[in-house]
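Keep the sequence and the structure in view as you read.

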Amino acid sequence: MPFNSSVEGLLAIDLTAAISKLHPPHCAKDSPICQGPTPGQLAFLMAAFGLMIIGAGGVRPCNLAFGTDQFNPTTESGKRGINSFFNWYFFTFTFAQMISLTLIVYVQSNVSWAIGLTIPAILMFIACLVFFMGSKIYVKVKATGSPMTSVAQVISVAIKKRRLKPVDQPLLTFFNHIPLNSINAKLPYTYQFRFLDKAAIKTDEDETNPWKLCSMQQVEEVKCLMKKQPNSEMRIPESSSSSLQGNKCKEKWRRK
C-alpha cells in the first residue's frame, strides 16, 4: 500500500545514515577527493527513493479527493465542511513544509543525519496509525471510471468540432446531461478556455456517444484541470530551491 511504501522508504533512507556500511566514509578535511558510494550502497538508496516515490504517487493525488468525499456537497453543512477541509489541509501542508525545510534540515546539518531522518519516519508512521484507526468510519466512494478518459474525450471532440461557430447562449445550446449516479457536484458554466465548449455543442449528426458529444459538466471539469496547471508550474522554483538546499546539506555532511 502507498502508506506502507512511504514508511518503508523513509526508514530505508534513515538506515543509510545510521549504518556506516550503507553510506560512503566521511571525506577527510584536508583531502579534496571523497570516496564515492559502492554499487550496493547506491542500489539500496535508489530502492529507498523508489519506495518513497510509490508512496507519494499513491497518496498525494488522493488526499484532497478522499477528504472531500467525507462531506455531502449538496447540503450547506457539507459545503462548509469542504471549505474548512481545504483551508486546514493547505495550512497544515504549508506549516509542515516550513518545519521540514528549517527545523529538520537544521537537525540533519548540526545534530545528526540519523536523527534528522528518523523524525520524518516516526511522524509518517504515526500518521499511518491514525489513518488506519479511523478507516472503519470513512466514506469510501467507489470509482466510476478513469478521469483521464473524460479529459481525452473532451479534447478529442473539441478538436473534431473546431470549425463550429461559438454559440451565443451556452446554457440553452450545450448538451447538459448529468447521469443520475454521478457523484460529482454540478459545476457552473465558466467563460475561460471557451475553445473547449465546442465539445458540448449539439449537432444533427451527434449520437449518444461520449467520443462525439460531451456534456457541459465534462467540459467544466477539464477547465478546472487546466486552471490548476499554472499552480503546478509555480512549484518548480520551490522544488528547485529545496533540491539546491538538500545538495548543500549533503556536501556539508560528507565533509564533516
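Q: Why does phenylalanine 85 count as partly exposed?
A: This is a predicted model, and in it phenylalanine 85 has 22% relative accessibility. Buried means under 20% and exposed means over 50%, so phenylalanine 85 with its 22% falls in between and counts as partly exposed.

Q: How many aromatic pairs does a search of the whole structure find?
A: The search finds 14 aromatic pairs. One of them joins phenylalanine 71 and phenylalanine 85.

Q: Why is the pair of phenylalanine 71 and phenylalanine 85 called tilted?
A: First, the ring centres are 6.4 Å apart, and rings pair if their centres lie within 6.5 Å. Next, the planes are at 45 degrees. Stacked needs under 30 degrees and edge-to-face needs over 60, so with 45 degrees the pair is tilted.

Q: What makes this a link between distant parts of the chain?
A: Phenylalanine 71 sits in the loop between α2 (39-68) and α3 (76-110), whereas phenylalanine 85 belongs to helix α3, and the two are 14 residues apart. Both are also members of one aromatic cluster, together with Phe86, Tyr89, Phe90 and Phe93.

Q: Why is the pair of tryptophan 88 and phenylalanine 91 called edge-to-face?
A: Their centres are 5.9 Å apart and there are 85 degrees between the planes. Tryptophan 88 and phenylalanine 91 both lie in helix α3, 3 residues apart, which is about one turn of the helix.

Q: Is tryptophan 88 buried or exposed, and how do you know?
A: Tryptophan 88 has 56% relative accessibility. Exposed means over 50%, so tryptophan 88 counts as exposed.

Q: How do you know that the span of helix α5 agrees with what it should be?
A: Helix α5 (residues 147-160) has 14 residues, and at 1.5 Å a residue they should span 20 Å. The end C-alpha atoms of α5 are 20 Å apart, so the two values agree.

Q: Which residues of α5 are buried, and what puts them on the same side?
A: In α5, the buried residues are Ser150, Val151, Gln153, Val154, Val157 and Ala158. They cover an arc of only 160 degrees around the axis, so they are on the same side of α5. On the other side of α5, Met148 and Lys160 are exposed.

Notes: Residues numbered from 1 in each chain as written. Predicted model: local features only at pLDDT ≥ 70, side-chain atom pairs only at ≥ 80, totals over all residues. Heavy atoms only, no water. Phe/Tyr/Trp six-rings, centres within 6.5 Å; stacked < 30°, edge-to-face > 60°. Helix = DSSP H or I, 4+ residues; strand = E, 2+ residues; numbered from the N terminus. Buried < 20%, exposed > 50% of the residue type's maximum accessible area, 1.4 Å probe, protein only. Expected span 1.5 Å × (residues − 1). Arc of directions from axis to C-beta.
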